[in-house]
Structure formats: structure tokens, C-alpha cells
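The entries follow the order in which I took up each topic.

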Amino acid sequence: MFSSIIKRDGRTQSFHESKITDAIIKCLQAVGEEDRQRAVELMLDVIKKIKLYFKEDSFTVENVQDIVETVLIEQGLVKAAKAYILYRENRSRLREARSELMNAVSEILHETKRDNANVGNSPSAKVLQISEIASKNYYLKRILPEKEANAHISGDIYIHDLSWYGKTLTCLQIPLDKLLKNGFNNGHGYIRSPKGIKTAASLAAIILQSNQNDMHGGQSFAFFDRDMAVYVELEKIKQEEFIRQSLKKLGLCADEEKIKTLALEHTKEETFQAMEGFIYNLNTMHSRAGAQVPFSSINLGTDTSEAGRMVIECFLLAYEKGLGKGESPLFPNICFKLKEDVNFEKGDPNYDLFQLSMRVACKRLFPAYSFMDSSFNKPYRNEEVAYMGCRTRVISNCNGPEVTNERGNLSFTTINLPRIGIRAEKDISLFWKYLDEVFNLCIEQLITRYNVQKKLKVKDFPFLMGQKLYLDSEDLSFDDPIEKAIRHGTLTVGFIGLAECLYALMGKHHGESADAQAFGIVIIGHLRRRCDEVSKKYNLNFSLLATPAEQLGGKFIQLDADRYGIIPGVTDKEWYTNSFHVPVEYQISALEKISIEGAYHKFCNAGHISYVELQSAPENNLAAFESLIRAMAEADMGYAAINFPVDICKDCGLNGLIKENTCPKCGGTNISRVRRITGYLSTLDRFNDSKLAEIHHRQIHQSLN
């Protein structure tokens, strides 16, 4: 009798006939025949064939399984043979998943993957990413319908944040005013409403951190200036009373106007320190078990009250000052709202704050700018559309009020546009056919995921739902499913690589050819119309996103290069171009780029962003900087920013463009290089390989005089 067998990994282990018998019994049971005696007889037939074909201990597990299949078929047990084949396939998939998982874990333990530039290389980050890999494998192998899983694996589509698939939602515009007014509980006790601006700012940071622990995406305040202004007013009242009481204790008196003036000065000092502390917290306060700081964004710029203006001014001054050694803060992302009659023209009440914002942006890269009077934002002018730093926008709602606060994106899935262009082989009719097929698959996938998400319960989100942050969650109890609330969120179809898609179809991208630009607008317009159609069909908020391609640009192009080879202008580099952008390596003027990309913003109602690249910080040319912002507004953009290198010596705090590896001021070599990536800021050492390659190929868009 045989004593050993060779496993798939080459190791030898003891041979047990009972394992063959057990496997055959399972196959017989699967087809309604449970006969142990029959199974033993079949096992003996298998042993005979092993003896016939193999020498002692020279056969493998695969050899034995092949013989089992043969014996079942020879004995006329075709259904049992099919069940055994399925059994083998399932076992193979499980082994493959385990192998992939172990390889991924090994890689992460060596160095944290750089798919997300906000995740560091700490032990917590490694544990987070290992758990994400395990979760992703589970959903792909066990939960997703095979068609959807295969489309993701092969690269037709990309299901974002797959490791969080059935656990949570993406992002939220947090109702800061409600939480500060009513107080909240983040799991360790009730936090009462603050009485001053410092406490309010500290609690605002805690709120962002607490909700980040319940979600995988961005956390944002839509009306930061308005919501914090309440506590500036309370601070002023507190300061006035403190001065009066202090004077009374000293037996002194003072003119009431002088008291108010002095109190206002103290209030401004407190507000500046509060904003400075808020910025410090968001760059040091970690979430997700310590793996990263929150993906935080704030929107401000349009509150014209004295207190609101003070919040805007003090925040911008604190952000301009930077961190302890003058380093540029990476968070929060700042979205400065530009609005006619409020801050966009000379004479507007907040025009001076717009000027200050540009001065800060010319040094720190933020703020970015959102345009309240663009054709698609102006209908909500009274509500005011808010963005997140990565570009996310949420406003229209087929299930309730069209508001920004208390809503967010539920999940999104991206279409690989270049692949569709490659497959069509310049046949436009085939292109439309393939595009609609992939779009329909995206919708199916988003609905599949929504049907999982809607069954989650309030207790699964102790802060997000427990503190009633989502619209229509007020009446939900601890054990209630969350569908009533999340039907107000958005389900989003994204796209990547319009430029490469156009090149595959037409031989030129939209930066090179007016015809390609016209066709690009038709493509993206078609996707938006399809989103609107399915919104009406399913009564859910489907929307179109200009996908932030942080790691996806590299993943898609590698898959396509492997499948279709190197295609000039399409797969001959390390990244696909972000959403509808003109390729970064293409030389074009700033105004031309703005004009071309501006045409796409109105279609991407789930979010969009455009950039202009400058050689260095334009600190001494604010007029030219402003001209670019105004050109963006005229091009009907919704959200945009201006990029340039920000290098920082961590030894002496020198900011600017440091070309060498040593600081020209102190000679230090501890140089941090901050760049914008998919909307937010990070340092180059955290960029993945495809994004690093893209950064090095970015061309300067000449425009400043």
C-alpha cells in the first residue's frame, strides 16, 4: 500500500485512502446517492489505477483527482463526475485565493502598499492593509456574482474600496452645526455643546475622526465658516463678560465701546489659535486604528457676517503659517467657494478674503476653488453646493430634498474607457455597443452592492447612524436597517482615460484635435444621460464621476498592456490619464487646457476637478493667479486648483522649490516634497509607481507673465 503523496506545493505528506472515499461520498451526496459501500468500491478502483500508472510514492494530489474523475465516468456516474469537477474547481479557487492572500500579506509586511498616499508605513497601516486584502478576496471569491467579480479582476471595470464592500459607505458632508448645537456621543461618553471657539474647533476635529472610523471615504464640512461663526459669537460674549468682571474686581470701569473693542481683539486671537489647533489636529489625529489621518475637507468663503469672516480669515492665516517648523499642512483639503455678489468682484463683502485665499494658495497649494455660479451649481445657489478635496459633489436627490449636508456617496465603480476604445478597433458602432454593455454592468454591480448596504443596521455605524448624521436617519432605531437614510446617497459610475480612449479610436486625443474634443464631449454626455435614465428607472441617485485615478491608472494600463500589447499613444506608458483630463505629458497652454476640460464639468455631477501646472509658486504674481481662477469660472468649471512644486526642509522650515537634495539655507537633507494627488496633498515618498511616473512627466502650462 502507498505510504505518501506529493502535495501541490511539492511537499510530501502521508497518504490516506479515506480522503478519497470522503470526496467520492460528497459527490454522490450532491446527486442524491448516499452509498458508502459504493464509495469504498470506487475508491478501490482508484487505488488500482494508481498502482497501474505510478510507482510507489511518485504521484501527486492532482494525479489522484484526475483518476477519480476517470473512474466516476467509467462507472457511468456522469452527474457525480460533474459534481466532483465542481468540487475541484471550488477547492482550486479557495487555494488560489489563499495563495494570493499570502503573497499580498508578504508584500505588505515588507512595505505598505502605496495604493493610497494617505496611508503610512506604520504597524497599524500594515495590519489595516492585510485585513483589506483578506476582505477583498472574500468578496471577490464568495459574495460578488461571478460576472461582476470577473469584470473587476480582468479590468473592464473597477469596484472601488472593494475591501469595504458590504461593511460601510463612502463619504459624508457632516452636519457640523447640528452636532455642535445638540452635542454628540462618539462611544465614550456624551460631549455637550461648546461655549467657545477653541472647544468648538477641537470638537470639529474629533467629529471628523469619529466619522472616518465608520466610513472608508472623505469627511467634509459643507459650511465650516457659517457653522463655526456661532461659537465665535459666543466667544465674543464670553470675552466681554470676562473683561467686565475683571474690571469690576479691580474696582475699575471702562467705556462700553472700549470693552467691546478689546473683547473683539481677544476673540480674534482665540479664533486664530482655535483654527491653528484644528489644523494641527487634522494632521496628527489618526483614524482607522491609527493607519491614517482623516480624509478631511472644509468648505468656506461665503459667510459675510463679522464672525463668519473672522473664521475664514483666521483659518486661512493659520493654514498659511503652516505647522511647527513651517511645513505645509496636508489636511484639511480647503474648498474656497467663489460666489458673485459675495466675494468674486471688487466691492463684494468678502472680496478681501478671496484675495487672502489666493495668497495662501500661492504658498500652500490650497485652497482649491469651487464655483457657485457655474451653470450646474447656480440652480442651488441658495443651498450652496459643497465639494470634497478629492472632487466629490453631492446635491440632486430623487428621494428627497436637494441638499448638500447629511448626504454622501454610497459607492462607485469605474469604467475602463481605453479598453473599450481598443476593443472597438476604430469601429464607432462597436464602441457604443461595448460602452453600453459595460455601463449596464456597472449599474448592475452598484445595485448589487446597494442591496447589501441597505441591509446594514444602525448599530453597524455607531457614530454615522447612531448620531443621526444621515438625512432621514432620525427615526431609525438601533436594530433598524439603514435603507431609509441611504436612499438619499449617490451611486456613482466613474470613468478613466478619455484621452487614451480617443487616441485608440481616432489617432488623436482631445488636446490635439477639435474633432476628438467634440467626440469626447459626446461620450461623456452619453454616460451622463444614461445615469439620469437609470436614476428615473430605479428611483436611486445614479451619478457620473470624473474618477480620481490614484492607483487605478496604473492598474488598468498594466492589464491592458498585458492583454493587447504596447499600443502607441494608449498603453505605452505607466498610467492612464485621469478622467477627462488632457494628458499631463502633452504641451498645452493653461488657457487652452482650461477651455478644453471645462466642457466636461457639467456632465460629471458626482464630482470633477481640473488643474493647471506651474513651474513654481506664483507668490509674486497674484494678478496672474487670479486671471487663471477667473478663466476657470468662465470655462464653466465647478471645482479647480493650480499646482506647483512645494518643497519643504524639515530641518529649518524653508518652503519653495528645492531642486537639489540639500537645503540651500541650512544644508539639511531632510526634504519633504509635497504634490497634489487626485485632489488632496501628499508627499512624493507616498506616491505609487504609476503616479510617480505621471508626476515626472507633467508639463508646465505656460500662462503667467
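I began with the naming of elements: helices (H or I, at least four residues) and strands (E, at least two) are DSSP runs, numbered from the N terminus. I noted that the model is predicted, that local features need pLDDT of at least 70 and side-chain atom pairs pLDDT 80 or more, and that totals for chains, interfaces and linings use all residues. Residues are numbered from 1 along each chain as its sequence is written, and side-chain values use heavy atoms, with hydrogens and water left out.

**Entry 1: cis peptide bonds and positive phi**

I looked up Pro367 and found it in the loop between helix 12 (351–364) and strand 10. A cis peptide bond links Phe366 to Pro367, with omega at about 10 degrees. Another cis bond joins Phe331 and Pro332, where omega is about 0 degrees. Pro332 lies in the loop between helix 11 and strand 9.

I then turned to phi. Most residues other than glycine have a negative phi, and most peptide bonds are trans. Lys426 is not a glycine, yet its phi is positive, near 70 degrees. I located Lys426 in the loop between helix 13 and helix 14. Is Lys426 buried or exposed? For these terms, buried means under 20% relative accessible area, exposed over 50%, and partly exposed in between (1.4 Å probe, protein chains only). Lys426 is exposed, because its relative accessible area is 53%. Asp636 also has a positive phi, of about 65 degrees, without being a glycine; this residue sits in the loop between helix 20 and strand 15.

I recorded an open sheet of 7 strands in the order 4-7-8-9-10-15-14, with mixed pairing. Two strands count as paired if DSSP finds at least two bridges between them. Strand 4 (172–174) and strand 14 (610–613) are the edge strands, each pairing on one side only. The twist from one strand to the next averages 25 degrees. For all such angles, axes are lines fitted to C-alpha atoms, for helices over the stretch in contact, and angles run from 0 to 180 degrees between N-to-C directions.

I followed strand 9 (residues 333–338), which runs parallel to strand 10 (residues 368–371) and is joined to it by 4 bridges. Phe336 has Tyr369 as its bridge partner in strand 10. Helix 11 (residues 306–321) packs on the sheet, where it touches strand 8 (296–300) and strand 9; its direction makes about 140 degrees with that of strand 9. Helix 20 (residues 622–634) packs on the sheet as well, touching strand 9, strand 10, strand 14 and strand 15 (639–643), and its direction makes about 150 degrees with that of strand 15. Touching here is contact, that is, heavy atoms within 4.5 Å.

Strand 8 pairs with strand 9 in the parallel sense over 4 bridges, and Ser297 stands opposite Asn333 in strand 9. I also checked Ile298 in strand 8. Ile298 is buried, with a relative accessible area of 0%. Leaving out residues up to four places away in sequence, Ile298 touches Phe221, Phe224, Phe278, Phe315, Pro332, Asn333, Ile334 and Cys335.

**Entry 2: strands 12 and 13**

I found strand 12 (residues 490–496) and strand 13 paired in the parallel sense over 6 bridges. Phe495 stands opposite Ala546 in strand 13. Strand 13 (residues 541–546) is mostly covered, with 6 of its 6 residues buried.

**Entry 3: helix packing**

I looked up helix 13 (residues 417–424) and helix 18 (residues 552–564), which pack at about 20 degrees with their axes 10 Å apart. Helix 13 is therefore roughly parallel to helix 18, a term for angles under 35 degrees. Arg419, Ile422 and Arg423 in helix 13 meet Leu559, Asp560, Arg563 and Tyr564 in helix 18. The residues of this contact divide into 3 nonpolar, no polar and 4 charged. In this classification Ala, Val, Leu, Ile, Met, Phe, Trp, Tyr, Cys and Pro count as nonpolar, Asp, Glu, Lys and Arg as charged, and the others, Gly among them, as polar.

Last, I noted that helix 6 (residues 146–154) and helix 14 (residues 428–453) pack at about 115 degrees, with axes 10 Å apart. Lys147, Glu148 and Ala151 in helix 6 meet Leu441, Glu444, Gln445 and Thr448 in helix 14.

Definitions and conventions
Parallel < 35°, antiparallel > 145°, perpendicular 65-115°, else oblique.
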